[in-house]
Amino acid sequence: MNTIFRKSMLSVAGLAFAGGVFAGPIAAHANPVDANPVAVAVQSAAPKPQGEQSHITLNDEQTANVKAIIAATKKAGLPERAAVISIATSLQESKLENLGHLGDRNDHDSLGLFQQRPSSGWGTPEQITDPEYSTTAFLKGLKQVDGWQDMPLTDAAQTVQVSAYPDAYAQWEQQATDLVAQHWNS
């Protein structure tokens, strides 16, 4: 029985070898496969928005501020996710309105789209109320957060902003995502 088994195995091996010898040269002369890699855009799935989502209707000034945030994000060479985090943060902090001094209603000396404070080193009042400057300052802080691209939006925003309401940013993620999708390529 060993002899029959051995002969069977040798026959199978011989067929495999012969197939390789004959197929090899034929395959070598077939049309070559394009060896250039194909670029495929794979966008990591953004985390699902956390909790109940809020939404406001934007006026022309607020829409202009969305566009300014997106422009500053692109200028900084950052991806759409950075713009989503920035817009959600601004929606929470100012409803995308470039806030000046609000008197008694003001939280300390907070100004601009992100309620940044001159006394905390964010810049002068004139700088903080410039949408490009304030966005760039926010993004500079965001870039210093290890892993910001993959963390929940509210955690990334809170790490930069240090708000008394750290979970409040999450409610704006869907609207911010929609706004970036609408205006990123416009």
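**Exercise 1.** How close do the axes of helix α2 (residues 60-75) and helix α5 (residues 131-143) come, and at what angle do they cross?

*Before you start.* This is a predicted model, where local features need pLDDT of at least 70, side-chain atom pairs count only at pLDDT 80 or more, and totals for chains, interfaces and linings use all residues. Residues are numbered from 1 along each chain as its sequence is written, and side-chain values use heavy atoms, leaving out hydrogens and water.

*Solution.* Step 1: the two axes (lines fitted to C-alpha atoms, for helices over the stretch in contact, with angles from 0 to 180 degrees between N-to-C directions) come within 9 Å and cross at roughly 50°.
Step 1: angles under 35 degrees count as roughly parallel, over 145 as roughly antiparallel, 65 to 115 as roughly perpendicular and the rest as oblique. Therefore α2 and α5 are oblique to each other.
Step 2: look for contact, meaning heavy atoms within 4.5 Å. Residues of α2 that take part include Ala68, Ile69 and Ala72, and those of α5 include Thr135 and Leu139.

**Exercise 2.** Classify the packing of α2 with helix α7 (residues 173-183), and name the residues in contact.

*Solution.* Step 1: the angle is about 75°, with the axes 10 Å apart.
Step 1: α2 and α7 are therefore roughly perpendicular to each other.
Step 2: α2 brings Thr63, Val66, Lys67 and Ile70, while α7 brings Leu179, Val180 and His183.

**Exercise 3.** Which residues does Ile87 contact, leaving aside its neighbours within four places in sequence?

*Solution.* Step 1: among the partners of Ile87 are Val66, Ile69 and Ile70.

Terms used:
Helix = DSSP H or I, 4+ residues; strand = E, 2+ residues; numbered from the N terminus.
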